[in-house]
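Subject: Structure handover

Hello,

I am passing on the structure below, with notes on what was found in it. Please look through it before reading on.

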Amino acid sequence: MMRSLYSGVAGLKTHQTKMDVIGNNIANVNTTAFKSSSVTFADLMSQTTQNASGANATTGVGGVNARQIGLGVKQGAINVNITSQGSAQSTGNPFDIMITGDNFFVVSDGLSNYFTRDGSFYVDGVGNLCMTSTGYNVMGWGVDPETMQIKQDTVQALRIMSSDNLTYPPEATSRGTVSGILDKNDTDVNSDSGKYVNLNLYDALGYEYTARFRLKSTDKDGEFSAELAKLLDANGTEIPISGVDGLFGESPSVADKENVVFNNNSYSWDQTGGKVTLNYNGGSLDLSTINFDATEADGDAYKDLLAAYDKIATAYGYEGSTEDFLNLYVGDPTATPSTQVTMKDLIKNSKNPASGTKSLVDMDADGTIGDASGSYNFTADGRQLVNGLVLKFDTDTGLFNSIGGDIKGDSKINLSKIITDTTRNVSNFSDIALNWSGISMFNNNGTSTVSATYGDKDSIGTGRKLGDMIGVSIQRDGMIYASYDNGMTKLLGQIATANFPNASGLEKHGDNLYQSTMNSGTFDGIGVDVTSTGGYMSTGVLEMSNVDLSSEFTEMITTQRGFQANSRIITVSDTLLEELTNLKR
C-alpha cells in the first residue's frame, strides 16, 4: 500500500518540475534568442517479487516472466532546444545582429569567454563593441597592419571606434586621365586663349587643388598643344608657377607661323636718351625701370614686371594671353649659333638697347632680328610650349596617336618643380602620371567634350582629402567596415563565432550566456568564420525566443492532468489505508 503513496509523491514532484520548466519557457517568450527547454520522464525503479524463469525442456513447462512493481517516476532529462532558430525581429539598429545557423557569438568579461545568441550590441565610450545587457566585450579578430587583412588569431575585444579609425588619412594624387572628343572646329580650341580643361587633385595633406590645362590647335592638321596654364588652390587663388623644362619630359616648340601686329594707333615705341619707352594713351612704360629678374618674393617689383608684360602683350594684340605672347619665338634655330629667341628674352633685352643686344624694337617684318622697319610688325615662327607637350591624332581615323612622342599617352607632371611660392611645402605634391590616350579627334559639330579626372581607369592614384567616419557596416561574414566622407572604406575587424559538436551540452550562465562543458566540446580560443559552417549574420535584426506558446500550453494541460492524477493516487491510497485501519473497530 505504501508503494502507491510514494509513487504518487514521485509523480507530483516530477510533474512539478515539468511545470517549472514550462513556466520558465513562457516567462522568456520575449527574451532575445532564448532557447526553450523540455522535460522527459523515466521510471524511478522497480521492486522484483519474482525473477523470470526459462522454459524446462525436460518437463515441458514454459518460462515465467519476472514480477516487478514500479516505485514511481523521476526526471529523465531536461533538454534545451538550442538548435531551433528563433524568428527574426527587425530593429533597424545596425549593431543588432542575428546569426542564422548553429554558431554562437563569443563575448568576454575580461577573464572568461562566454557564448551567446543574443546579438544586441552597442559601442561603448572607448569604442569597443559590447553586449547591451551586460557590457561584455564582443570578441573577434583584428586586422594585420602589414597586409590589411583579417588575421585569425586568438580572439580579442573589437575596438572599432579607436582614434585611428575615426579618420582616413589623406593621399596625394598620383595619376590622372584625360578623355573625350577634341573637335578641331571648336572655336575655343582655335582661339588665342584655347580651351581649358581642369584636373582636380590633392596633395599629401589632403588639400585640394585644380590644375588647369589649355588645349590649342596648331598649323598642322591633327596636332594640338597641351599646356599646364594655371594651378589654383581650393579657394580659387592662383599659385605662382614657373616654366620649367621637363615638366612633361621636355619643352617642345609649336611650329605655327603667326603674324604679330603692333597697334600703332594706340601705342608707340620711343628710343631716346638710351631708354626704350612704350607710349600709350594716358601714360608710358619706361623699360629701364623694370626689374626683369624680379620674383614673387620681391613684392611690388614683381607686380610691376607682370603689369609691364601685360601692357606690351596688349600692344601686340595679345590682351589676356600674355603667356602666349612671351613664349612666341623668332629667329633661326638652325643657325650656328642659333638665333632663335623668345619674346620674353627680347623684351628683357629692350631695357638697355645701348648694350648692343638685339631687342624687341629691332624686329624686322620677316621676323629676323635686325633694324626695325618702323611698323614693329613681324611674323613669329611659333611659340615654345612651357609646361606643355604636342598632342597628335591620326588624321585618317581621328584616334589618339601620341603626346610628346609617347604612343601610350602617358606624361608625367612634376608640380614640385614649377611652384614658385616659397611658403608652400612642395614635397607634399606627388608626380602625376597623366594619360591622354582617351581623347579622340572626331567631328562633334564644333563642340569639344574633353575632361580630366584624377585616378586611372581602375581608380588608382586618385588621391583624397582627410576622411571623417560617417558610418559602420557589418557584412554577412562578420567583417566590420567603416565608411568615410572621402569615399574610402576601411576594414576594422571581424566578429568571431564559436561552434560546438554538441551545442545542447552548453550550460546556461544567465543573461543569455552559455558556458562550455565537457559534453559540449571546448572552445579553442580562436573561433571560426560564421560562413565556414554555412551560417551568416544579418544586421538590423535580432533573433527572437523559440518558445512556441501553443506547444507550451498543450504541455501545461497534460502536466496539470498528470499532476492531478498523481494526487488522486495519494488520495485513494489514503482511503485504502483508512479502511485497513478501520478493520479493528
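Strand 17 (223-233), helix 2 (300-315), helix 3 (322-326) and helix 4 (343-349) each give at least two residues to the lining of the largest pocket. Helices (H or I, at least four residues) and strands (E, at least two) are DSSP runs, numbered from the N terminus. This is a predicted model, in which local features need pLDDT of at least 70 and side-chain atom pairs count only at pLDDT 80 or more, while totals for chains, interfaces and linings use all residues. Residues are numbered from 1 along each chain as its sequence is written, and side-chain values use heavy atoms, with hydrogens and water left out.

The pocket and the cavity

Helix 2 contributes the most to the lining of the largest pocket, with five residues. The volume of this pocket is about 1400 Å³. Of its 45 lining residues, I241, Y302, L306, E323 and K344 are the closest to the centre. The lining divides into 17 nonpolar, 14 polar and 14 charged residues. Here Ala, Val, Leu, Ile, Met, Phe, Trp, Tyr, Cys and Pro count as nonpolar, Asp, Glu, Lys and Arg as charged, and the others, Gly among them, as polar.

On a 1 Å grid over the protein atoms alone, a cavity is a set of points where a 1.4 Å probe fits but cannot get out; a pocket is an open set with protein on both sides within 12 Å along at least five of seven lines, and lining residues have an atom within 4 Å of a point. Grid points are joined across faces, edges and corners, and a volume is the space filled by probe spheres set on the points.

By this rule there is one cavity of 30 Å³ or more. The largest cavity has a volume of about 50 Å³. Its lining is made of K35, I82, T83, Q85, G101, D102, N103, F104, R117 and A503. Three of the lining residues are nonpolar, four polar and three charged.

The chain as a whole

The protein chain has six helices and 37 strands. Its radius of gyration (taken over C-alpha atoms) is 46 Å, well over the 25 Å that the globule rule gives for 585 residues, so the chain is more spread out than a compact globule. That rule is 2.2 Å times the number of residues to the power 0.38. Along its principal axes the C-alpha trace spans about 165 × 55 × 40 Å. Of the 585 residues, 42% are buried, meaning under 20% relative accessible area with a 1.4 Å probe, protein chains only.

Strand 32 and its partners

Strand 32 (residues 489-495) has six of its seven residues buried, so it is largely enclosed by the rest of the structure. Two strands pair if DSSP finds at least two bridges between them. Strand 31 (residues 479-484) runs antiparallel to strand 32 and is joined to it by five bridges, while strand 11 (residues 137-141), also antiparallel, is joined to strand 32 by two. Q494 is the bridge partner of M479 and of W141. Four residues lie between the strands in the hairpin of strand 31 and strand 32, where G487 takes a positive phi near 85°.

An open sheet has the strand order 19-20-21, with antiparallel pairing. Strand 19 (267-272) and strand 21 (283-286) stand at the edges with a single partner strand each, so one side of each has no neighbour in the sheet. Strand 20 (residues 275-280) pairs with strand 21 over four antiparallel bridges, and Y280 stands opposite G283 in strand 21.

Regards

Key: Buried < 20%, exposed > 50% of the residue type's maximum accessible area, 1.4 Å probe, protein only.
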